[in-house]
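Work through the exercises below with the sequence and the coordinates at hand. Each task is followed by a solution in steps.

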Amino acid sequence: MTGPYGSGLPEPDAPRGLPRGARLGVDVGKARIGLAGSDPDGLVATPVETVPRVLDVPAGADGAPAVTPDVARIAAEAEERFAAVVYVGLPRHLSGAEGAATADARDFATRLAAAVAPVEVRLVDERMTTVTAHAQLRSAGRRTKTHRSVVDQAAAVIILQSALDVERSAGERAGELVERQRPGA
């Protein structure tokens with residue numbers, strides 16, 4: 001099969017054995033959530049948007065956490081893009097230990113997994129992504145005060161591109177699968 005625009009080159013294959021489909025990358029922060037997306041072949045991560053974070057999560061009618069606007073927005077993006085997987089950054093300490101931010105990301109990923117089912121949600125190590133994102137934006141000439149609105153997207157791009165690179169090299173999904181909780185569990 002020839003590639004796009006009649007180039008005569010073969011179309012890129014999805015990483016060995018992985019189904020084709022866009023991937024999303026999510027950088028969960030206390031105030032904002034960075035969102036990145038990939039092409040259907042999982043080659044390149046690009047920024048999508050910054051979603052305002054909702055910290056107050058009420059219980060739904062069935063006792064499970066309600067779907068908040070931030071989770072609903074990411075779920076809608078996953079549906080629009082026919083996402084095959086959503087990667088959520090897991091902020092560990094440099095030592096690898098987990099802290100409060102890790103627990104927050106795990107909780108968010110669990111709520112997101114319920115909202116995007118049957119799409120997989122996977123947690124991937126995100127140590128240093130925000131620091132790297134700030135450095136990249138500074139080197140691109142963005143002032144710190146003006147790049148706050150995009151640093152979360154840049155961090156999500158780094159998270160997603162790292163996961164895509166693992167997919168290509170290992171031939172399998174990156175990270176730790178998030179188990180969906182049953183309502184009322």
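The accessible surface of the protein chain comes to about 9700 Å², of which 56% belongs to carbon and sulfur atoms; areas come from the Shrake-Rupley method with a 1.4 Å probe, and for residues only the protein chains shown count as cover. This is a predicted model, in which local features need pLDDT of at least 70 and side-chain atom pairs count only at pLDDT 80 or more, while totals for chains, interfaces and linings use all residues. Residues are numbered from 1 along each chain as its sequence is written, and side-chain values use heavy atoms, with hydrogens and water left out.

**Exercise 1. Describe the secondary structure and burial of the protein chain.**

Step 1. The protein chain has four helices and six strands. Helices (H or I, at least four residues) and strands (E, at least two) are DSSP runs, numbered from the N terminus.

Step 2. Along the sequence the pattern reads β-β-β-α-β-α-β-α-α-β.

Step 3. Of the 185 residues, 42% are buried. Buried means under 20% relative accessible area, exposed over 50%, and partly exposed in between (1.4 Å probe, protein chains only).

Step 4. Take the contacts between residues at least 6 apart in sequence: 64% of them join residues at least 24 apart. Contact means heavy atoms within 4.5 Å.

**Exercise 2. Give the strand order of the sheet, and state what packs on the sheet.**

Step 1. The six strands form an open sheet with mixed pairing, in the order E3-E2-E1-E4-E5-E6. Two strands pair if DSSP finds at least two bridges between them.

Step 2. E3 (45-52) and E6 (176-177) are the edge strands; each has a single partner strand, so one side of each lacks a neighbour in the sheet.

Step 3. E1 (residues 23-28) and E4 (residues 85-90) run parallel and are joined by four bridges. Val-26 stands opposite Val-88 in E4.

Step 4. H1 packs on the sheet, where it touches E1, E2 (32-38), E3 and E4, and its direction makes about 150 degrees with that of E3. H2 (residues 100-116) also packs on the sheet, touching E1, E2, E4, E5 and E6, at about 170 degrees to the direction of E4. Axes are lines fitted to C-alpha atoms, for helices over the stretch in contact, and angles run from 0 to 180 degrees between N-to-C directions.

**Exercise 3. Which residues does Ile-74 touch, not counting residues up to four places away in sequence?**

Step 1. Ile-74 is in H1 (residues 69-80) and counts as buried because its relative accessibility is 0%.

Step 2. Ile-74 touches Leu-24, Val-26, Ile-33, Leu-35, Phe-108 and Leu-112.

Step 3. Ile-74 and Leu-24 are 50 residues apart along the chain, with 8.7 Å between their C-alpha atoms.
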